[in-house]
Amino acid sequence: MTDRVIAAEPLSATAAKPAAAPHVDAGDAGYRKDLKSRHINMIAIGGAIGTGLFLGAGGRMSQAGPSLFIAYAVCGVFAFFVVRALGELVLYRPSSGAFVSYAREFMGEKGAYTAGWLYFLNWSTTAVADITAAATYAHFWSMFSDVPQWILALIALAVVLAANLISVKYFGEMEFWFAIIKVAALVAFMLVGIFLIVTSHDVGGHTPGLANITDNGGIFPNGMMPMLLLIQGVVFAYASVELCGVAAGETENPEKIMPKAINSIMWRVGLFYVGSVVLLALLLPYTAYSGDQSPFVTVFDKLGIPGAAGVMNLVVLTAALSSLNSGLYSTGRILRSMSLAGSAPKFTGVMNKGGVPYGGILLTAAFGVLGVGLNYVMPGEAFELVLNFASIGIIGTWAMIMICSLLFWRSAEQGKLTRPGYNLPWAPYTQIVTIGFLASVLVLMWMDGGISRTTVNCLPLIAAALTGGWFLVRRRVRATAGTHQD
């Protein structure tokens with residue numbers, strides 16, 4: 001707010017040459033500042049703990065063994081760099097358009113268009129992964145075992161869509177309690193796991209401890225390459241960390257709330273991701289886990305405690321619904337920012353009386369319906385297929401955030417603007433190294449072969465679709481920009 005007031009005053013002839021007026025995103029108008037500090041803090045937690053950990057860790061553990069914790073740690077560091085860079089931009093200028101708005105300011109409309117649609121690719125495919133995960137979890141209970149997976153996926157989508165369309169306040173409350181449930185469950189699991197290790201309590205015929213690692217091939221039972229090849233899936237696990245940056249546009253005093261929420265992500269990653277994977281490796285041999293069941297459910301199932309596995313399965317079902325809820329929320333805001341700039345369909349810019357951009361939410365949900373069809377055609381491979389395309393969207397989104405951060409840093413160095421006190425450390429090297437890491441993930445995906453290589457081979461098609469789409473909307477973008485300037 002202060003920056004905008006100062007920028008509105010006439011500049012003297014002797015003044016330095018900052019930007020004449022900070023960028024103002026038309027898509028920021030109409031939102032209600034209903035998200036409180038507790039909402040943002042728990043959204044940050046929930047964004048760092050999602051389906052990728054609760055469901056994906058089982059299959060990855062079975063392939064890479066205990067070395068999975070290294071992949072989570074490395075990717076967690078880069079995820080923190082990304083969200084820290086976004087946090088700096090948020091403190092410079094809070095916007096519900098988030099990185100799309102920043103791309104528009106520092107890269108122009110082409111950059112905003114590219115960032116927005118890559119983000120939509122991320123969340124539209126993640127929505128498919130989430131409803132697939134929810135349907136998979138539901139099959140744990142015998143009452144749902146005979147219900148086709150696609151029907152369960154459709155029910156999950158319908159329930160979350162209905163809740164998301166009410167108001168941002170309800171979204172914040174849902175995410176608050178979803179995050180509370182996820183954190184409480186992980187803390188309970190870790191306490192139980194530590195107790196089992198300390199007491200050497202039998203777990204499914206295995207004695208917890210280092211022997212489950214050393215007697216089964218060590219940290220790298222299948223070599224280092226499987227761990228490296230799984231990094232693209234681990235990146236997916238951190239896909240929601242940028243959500244708190246989007247939510248900042250609908251909260252009061254983001255300059256006070258955001259630094260605390262973002263800084264806490266680092267230790268949460270270390271505690272919940274790395275700590276949980278280490279405990280899983282100590283409790284059971286890596287061969288005991290599979291991609292068909294949450295690893296946390298596997299542990300409780302083997303303990304034989306009545307109802308414990310069912311309770312944990314309910315928790316991971318909550319995590320999937322939370323991720324789906326977050327995806328619908330964030331894409332709705334991003335698409336509205338794009339729509340009012342002319343680079344997304346007009347209907348995605350409309351709001352209801354509750355201040356919810358329901359047009360964009362419905363568009364994302366429509367892709368979720370396509371996911372329901374995917375679950376009908378190929379229920380076994382649906383999760384892995386969409387996970388890879390979601391990873392492409394995540395990599396693209398994170399790269400755009402770091403490019404915006406790099407251009408923001410350059411503008412500050414040129415004296416055009418001032419960086420906030422809370423900023424990304426070691427710039428510009430942090431941005432460059434992170435972009436290099438993201439490029440290496442693409443190389444690893446190609447080396448993995450199978451669906452991963454097919455996904456990377458689709459990059460020219462994605463680029464062609466983005467290019468073709470730009471030629472379709474560029475006139476409207478320019479006309480909209482001219483209207484705003486007038």
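**Note on a predicted model: helix packing, ring contacts and salt bridges**

1. In helix α15, the buried residues are Pro295, Phe296, Val297, Thr298, Val299, Phe300 and Leu303. The model under discussion is a predicted one. Helix α15 spans residues 295-303, and seven of its nine residues are buried, so this helix is largely enclosed by the rest of the structure. Just after α15, Gly304 adopts a positive phi of about 75°.

2. The structure contains 18 aromatic pairs. One of them joins Tyr72 and Tyr273 in a tilted arrangement, with 5.2 Å from centre to centre and 45° between the planes. Tyr72 belongs to helix α5 (residues 68-92) and Tyr273 to helix α14 (residues 254-283), so the pair ties together parts of the chain that are 201 residues apart in sequence. Tyr72 has a relative accessibility of 0% and therefore counts as buried. Tyr273 is likewise buried, its relative accessibility being 0%.

3. Which residues are linked into a cluster by ring pairs? The cluster consists of Phe78, Phe81, Trp426 and Phe437.

4. Two arginine side chains lie over aromatic faces. Arg84 is placed over the face of Tyr422, at 4.0 Å from the ring centre. Arg38 lies over the face of Phe176, at 4.7 Å from the ring centre.

5. Arg38 also takes part in a salt bridge, with Glu173 as its partner; the closest N and O atoms are 2.4 Å apart. Glu173 lies in helix α9 (residues 168-199), whereas Arg38 lies in helix α2 (residues 37-48), so the contact ties together parts that are 135 residues apart in sequence.

6. The structure holds five salt bridges. Among them, the side chains of Glu105 and Arg93 meet at 2.9 Å, N to O. This pair links distant parts of the chain: Glu105 is in helix α6 (residues 98-107) and Arg93 is in the loop between α5 and α6, 12 residues apart. Glu105 is partly exposed, with a relative accessible area of 22%. Arg93, by contrast, counts as buried, at 3% relative accessibility. The cut-off matters for this reading: buried means under 20% relative accessible area.

7. A further salt bridge joins the side chains of Glu109 and Arg104, with an N to O distance of 3.0 Å. Arg104 is buried, its relative accessible area being 9%.

8. On the surface, Met225, Val443, Trp446 and Met447 form a nonpolar patch, with about 380 Å² of accessible area together. Which helix gives the most to the nonpolar patch? Helix α19 (residues 429-448) does, with three residues. Trp446 has its place in helix α19. Trp446 counts as partly exposed, because its relative accessibility is 42%. An α-helix has 3.6 residues a turn, so residues three or four places apart point the same way.

Methods:
Residues are numbered from 1 along each chain as its sequence is written. This is a predicted model: local features need pLDDT of at least 70, side-chain atom pairs count only at pLDDT 80 or more; totals for chains, interfaces and linings use all residues. Side-chain values use heavy atoms; hydrogens and water are left out. Rings of Phe, Tyr and Trp (its six-membered ring) pair if their centres lie within 6.5 Å; planes under 30 degrees apart count as stacked, over 60 as edge-to-face and the rest as tilted. Helices (H or I, at least four residues) and strands (E, at least two) are DSSP runs, numbered from the N terminus. Buried means under 20% relative accessible area, exposed over 50%, partly exposed in between (1.4 Å probe, protein chains only). A charge sits over a ring if NZ of Lys or CZ of Arg is within 6 Å of the ring centre and within 35 degrees of the ring normal. Patches are made of residues with over 30% relative accessible area and no salt bridge: like charges are joined within 9 Å, nonpolar side chains (Val, Leu, Ile, Met, Phe, Trp, Tyr) within 5 Å. Accessible areas come from the Shrake-Rupley method with a 1.4 Å probe; for residues, only the protein chains shown count as cover. A salt bridge is a side-chain nitrogen of Lys or Arg within 4 Å of a carboxyl oxygen of Asp or Glu.
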